[in-house]
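Here are my notes on this one, as numbered points. Have the sequence and the model open while you read.

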Amino acid sequence: MLIDVNSFIGHWPFRQVTHNTCGSRVQLMRQFGIDISVISSLNGVFYKNTQSANEELYKDWKSSRKFESKLIPFAVINPIYAGWKDDLEKSVGQMGMRGVRIHPLYHHYDLNNKNCIDLVKRTRDLGLPVAFSLRIVDKRVSSWMDINEEWSLKDVLPIIKEVPDAKYMILNLVNSLELSDDEKSILKKADILMDTSGRALTHLEKLLPVYGNDKFGYGTNSPILEPFTGLLRIESLKPEEAGESTKDLLRYGNAKKILNL
């Protein structure tokens with residue numbers, strides 16, 4: 001079984017993407033043997049009103065009953081936009097979204113912003129995870145109109161310190177993973193899942209002993225990236241680095257836990 005915890009539908013304004021509808025996403029999943037994908041809207045990164053993107057996602061998701069068993073929608077919420085509390089309530093309570101995805105770099109707020117903290121606490125109280133990316137696209141080859149900033153793992157610590165009992169999905173880890181022992185301890189204690197789409201997890205075998213087998217899961221960052229690289233980082237682990245039981249945690253077990261499946 002494979003669960004992809006990091007994928008999108010929708011459009012990216014700076015390049016063409018494919019397999020970016022629920023229907024084409026499920027086709028791609030079938031090709032790569034992916035059973036379930038967490039999806040959110042790329043449109044929500046750029047819409048001033050992110051709820052419009054959530055409504056588009058919901059309409060596509062509900063257009064076929066087969067999507068409901070294959071795709072798990074996350075709402076894009078911008079906590080510095082007026083009405084975000086209503087957006088959260090509607091997305092979760094009426095649309096059945098199973099988590100929240102935030103984009104602080106694109107929506108221009110810090111993770112210690114009081115509204116962001118409030119959003120994470122409300123999402124925690126709903127028993128749902130909050131997901132955020134250290135980046136979406138590589139800044140080295142991005143459009144001149146795109147943002148030119150990426151995070152390292154250290155940058156996510158303020159919100160985890162502020163709300164240590166929330167569920168977090170830290171996606172597309174691409175830059176430095178260097179932390180002090182005290183900072184590593186914060187991540188070890190937290191309920192977090194880091195996906196395998198980012199290049200910083202190329203040496204996953206070195207990270208498993210540091211953070212534990214329960215902290216990582218398969219992710220693709222599709223359709224920005226292709227689906228196979230994140231899986232290769234799991235399947236290429238040698239038997240002495242990860243047995244089949246550990247690989248099953250990475251393929252789907254840890255995802256099932258954080259997603260309450």
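1. A definition before the sheet: two strands count as paired if DSSP finds at least two bridges between them. Helices (H or I, at least four residues) and strands (E, at least two) are DSSP runs, numbered from the N terminus.

2. Some ground rules. This is a predicted model, so to speak of local features pLDDT has to be at least 70, and side-chain atom pairs count only at pLDDT 80 or more, while totals for chains, interfaces and linings use all residues. Residues are numbered from 1 along each chain as its sequence is written, and side-chain values use heavy atoms, with hydrogens and water left out.

3. The overall picture: the protein has 12 helices and 9 strands. The C-alpha atoms fill a box of roughly 50 × 40 × 40 Å along the principal axes.

4. Take the contacts (heavy atoms within 4.5 Å) with a separation of 6 or more: residues 24 or more positions apart account for 74% of them.

5. Now the sheet. Six strands form an open sheet in the order β4-β5-β6-β7-β8-β9, with parallel pairing. β4 (75-76) and β9 (216-217) are at the edges with a single partner strand each, so one side of each has no neighbour in the sheet. β4 pairs with β5 (residues 100-102) over 2 bridges, in the parallel sense, and Ala75 has Val100 in β5 as its bridge partner.

6. Which strand is worth a close look? I'd pick β7 (residues 167-171): 5 of its 5 residues are buried, so the rest of the structure largely encloses it. Both faces are covered, with Lys167, Met169 and Leu171 buried on one side and Tyr168 and Ile170 on the other. Note the lysine in that list.

7. The neighbours of β7 are next. β6 (residues 129-133) pairs with β7 in the parallel sense over 5 bridges, with Ala131 standing opposite Met169. β8 (residues 191-195) also pairs with β7 in the parallel sense, over 4 bridges, and Tyr168 has Ile192 in β8 as its bridge partner.

8. How many aromatic pairs are there? The count comes to 9, taking rings of Phe, Tyr and Trp (its six-membered ring) with centres within 6.5 Å; planes under 30 degrees apart are stacked, over 60 edge-to-face, and the rest tilted. Trp12 and Tyr106 are an edge-to-face pair, because their centres are 6.0 Å apart and their planes at 80°. Trp12 lies in the loop between β1 (3-9) and α1 (22-32) and Tyr106 in helix α6 (residues 104-107), so the pair ties together parts 94 residues apart in sequence. Trp12 is buried at 4% relative accessible area, and Tyr106 is buried at 13%. Ring pairs link Trp12, Phe14, Phe46 and Tyr106 into a cluster.

9. Another edge-to-face pair is Tyr211 with Phe216, 6.5 Å centre to centre and 70° between the planes. Tyr211 is buried at 7% relative accessibility, and Phe216 is buried at 1%.

Note on methods
Buried < 20%, exposed > 50% of the residue type's maximum accessible area, 1.4 Å probe, protein only.
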